[in-house]
Amino acid sequence: MSSLMSSLRGAAGTAGEAVDVSNIRKEGWVMKESAMIRSYRKRWLVLTPEHLYSFKQERRYDSPTEEIDLKLCGTVKSADDLTNRQFTFTVQVPDRNFFLMAATDAERNEWVAAIGRATTESRRVRSYSEEVEYQEQQARLAAQRTQPAHGEGEEGVDALPKRGGARFV
């Protein structure tokens with residue numbers, strides 16, 4: 001249960017933490033129904049390959065109000081019939097249904113499709129060769145982030161992980 005709660009955190013669990021948004025798939029304003037008051041609030045929604053985040057301010061990627069692990073996402077679909085509001089959609093995870101409202105029907109359909117694709121991709125099992133390629137890509141990115149600014153050494157090259165290994169969770 002604690003792992004479920006750690007993967008689905010609200011503002012209290014993420015205060016002050018910056019979110020890695022280096023691979024944003026989609027972002028934009030939506031209205032999100034609050035969990036307690038059940039009123040809709042304007043939120044900046046950010047979709048990455050493995051998470052869906054909401055923020056109070058546009059392009060300020062620290063302290064998300066919600067963080068949804070897409071591996072836990074069960075369903076993403078239109079919710080006009082459930083909310084009696086136009087352009088709404090729901091993102092369902094084990095402990096909660098998130099209700100979101102877009103400005104237009106086309107925008108809602110774009111969000112549903114993008115979240116659905118990311119959900120499918122986050123669950124997909126990679127082949128061995130895809131996994132090796134992914135590990136090498138992650139190692140290159142890590143080496144770039146830790147590389148000395150003025151070519152002060154080559155230690156980072158030796159620290160790269162060897163080929164192989166599994167990242168399956």
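Author: Helices (H or I, at least four residues) and strands (E, at least two) are DSSP runs, numbered from the N terminus. The model is predicted, so local features need pLDDT of at least 70 and side-chain atom pairs pLDDT 80 or more, while totals for chains, interfaces and linings use all residues. Residues are numbered from 1 along each chain as its sequence is written, and side-chain values use heavy atoms, without hydrogens and water.

Reader: Why is β3 largely enclosed by the rest of the structure?

Author: Buried is under 20% relative accessible area, exposed over 50%, and partly exposed in between (1.4 Å probe, protein chains only). The strand β3 has eight residues, and it is largely enclosed because the number of them that are buried is six.

Reader: Over how many bridges do β2 and β3 pair?

Author: Two strands pair if DSSP finds at least two bridges between them. In β2 and β3 the sense is antiparallel, and Trp-29 has Trp-44 of β3 as its bridge partner. The bridges between β2 and β3 number eight.

Reader: What is the phi of Arg-38 in the turn between β2 and β3?

Author: The two strands β2 and β3 form a hairpin, with six residues between them. Arg-38 lies in that turn, and its phi is positive, at about 65°.

Reader: Which residue of β4 is the bridge partner of Val-46?

Author: The strands β3 and β4 run antiparallel and are joined by four bridges. They also form a hairpin, here with three residues between them. On β4, the partner of Val-46 is Tyr-53.

Reader: Which element supplies the largest share of the lining of the largest cavity?

Author: A cavity is a set of points, on a 1 Å grid over the protein atoms alone, where a 1.4 Å probe fits but cannot get out; lining residues have an atom within 4 Å of a point. Lining the largest cavity are Lys-32, Leu-45, Leu-52, Tyr-53, Ser-54, Glu-66, Ile-68, Phe-98 and Leu-100. Two or more of the lining residues come from each of β4, β5 (66-69) and β8 (96-101). The largest share is three residues, and the element that supplies it is β4.

Methods:
1 Å grid on protein atoms, 1.4 Å probe; cavity = no way out; pocket = protein on both sides within 12 Å on 5 of 7 lines; lining within 4 Å.
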